[in-house]
Amino acid sequence: MTDTAAVRTAPAEPASTPPRGRWRPGRRWLPYLLVLPALLFELLVHLVPMIGGLWMSLLELTQFWLRDWLNAPFAGLANFRFALDFDSAVGTQLLTSFGITLAFAVLTVGISWALGMFAATLLQRSFPGRAVLRALFLVPYALPVYTAVMIWKFMLDQGDGMVNSVLASLGGSGETFWLLGDNAFLSLVVTAVWRLWPFAFLALMAGMQSIPTDVYEAATVDGAGVWQQFRSITLPMMRPVTQVLLLVLFLWTFNDFNVAYILFDKSVPSAANLLSIHIYNSSFLTWNFGLGSAMSALLLLFLLLVTAGYLAVTSRRSSDV
């Protein structure tokens, strides 16, 4: 009896404490420490070059100052004024390139979204061969950019391309120049859509998985047709996915450089002179890196304004709903 009381009243051993000199983060700081490596890499990969480009836009940086660009003459906002002078040749070419890029982005994003929505709706319900069609639809997006664009470059060749061969077999001329003149813009849009629409299909198909099948079954019982179900159920419930998808596709397309550069090499036709190509030519062909950096800064400002305005409009509509 005495031993039991002694055991009950014995003082508890002190909890083990971490040895001195070893610091252990608390739970409050652990998330920040986990995000810190990604934040550092983000600063090194994106923010530091962006700041460097903004500083270059304020300099009179030409080929004569490339080896010592930090000591190039300070130009202030002269490069921006020169780029935005639409009465001059440089400003007129920049404005034309902006219009071409805007039309290219709107058409590419619109057609890609429409094709992606059509394919995702078509493959929403189970049927034999659905998995095979899904895999085939994703092939263009799985291919490397260079490979995908080079396929279309060979197909659109004026002499030996498959497109002209097919048109000739159907009674057409078969001698159309698809990579020159005004047809270059159409070729650029078709190639970009072929590469981009599988991503829209993948995102929309993933979003449709969250729509309950009971809703469609109830609509079918009520007599709603396929178009009524798409308009009243699919589109409203896919609105959050569509809003994000359209913004991402627009930013990607408006900044696109690889498709036009690979498709046309360095001799890009004026009808397909995207803003990214125009900035590249202004920087690396005329060796005016200050002017090219100013154009890049203007492009960044435009995309930031578009993103902010789009998010404000979509968030307001979501709150109203």
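A residue counts as buried here when its relative accessible area is under 20%, and as partly exposed when the value lies between that and 50%. Keep that in mind while looking around this predicted model.

**The salt bridge**
- The structure has one salt bridge, and it pairs Lys153 with Asp265.
- At the closest point, an N atom and an O atom of this pair sit 2.9 Å apart.
- The two partners come from distant parts of the chain, 112 residues apart.
- Lys153 belongs to helix α7 (residues 145–155), while Asp265 is in the loop between α13 (258–264) and α14 (275–284).
- With a relative accessible area of 18%, Lys153 falls under the 20% cut-off, so Lys153 is buried.
- Asp265 comes in at 42%, so this residue is partly exposed.

**Helix α9**
- Helix α9 covers residues 183–208, which makes 26 residues.
- From first C-alpha to last, α9 reaches 36 Å, close to the 38 Å expected at 1.5 Å a residue.
- Look for a kink of about 35° at Leu196, shortly before the proline Pro198.
- Because 19 of the 26 residues of α9 are buried, the rest of the structure largely encloses this helix.

**Helix α12**
- Helix α12 takes in residues 239–254, 16 residues in total.
- The end C-alpha atoms of α12 are 22 Å apart, which agrees with the 22 Å that 16 residues should span at 1.5 Å a residue.
- Among the buried residues of α12 are Leu245, Leu247, Leu249, Phe250 and Phe254.
- The buried set of α12 also includes Thr242, Gln243 and Thr253.

Terms used
Residues are numbered from 1 along each chain as its sequence is written. This is a predicted model: local features need pLDDT of at least 70, side-chain atom pairs count only at pLDDT 80 or more; totals for chains, interfaces and linings use all residues. Side-chain values use heavy atoms; hydrogens and water are left out. Helices (H or I, at least four residues) and strands (E, at least two) are DSSP runs, numbered from the N terminus. The expected span of a helix is 1.5 Å times one less than its number of residues. The bend at a residue is the angle between axes fitted to the seven residues ending there and the seven starting there. Buried means under 20% relative accessible area, exposed over 50%, partly exposed in between (1.4 Å probe, protein chains only). A salt bridge is a side-chain nitrogen of Lys or Arg within 4 Å of a carboxyl oxygen of Asp or Glu.
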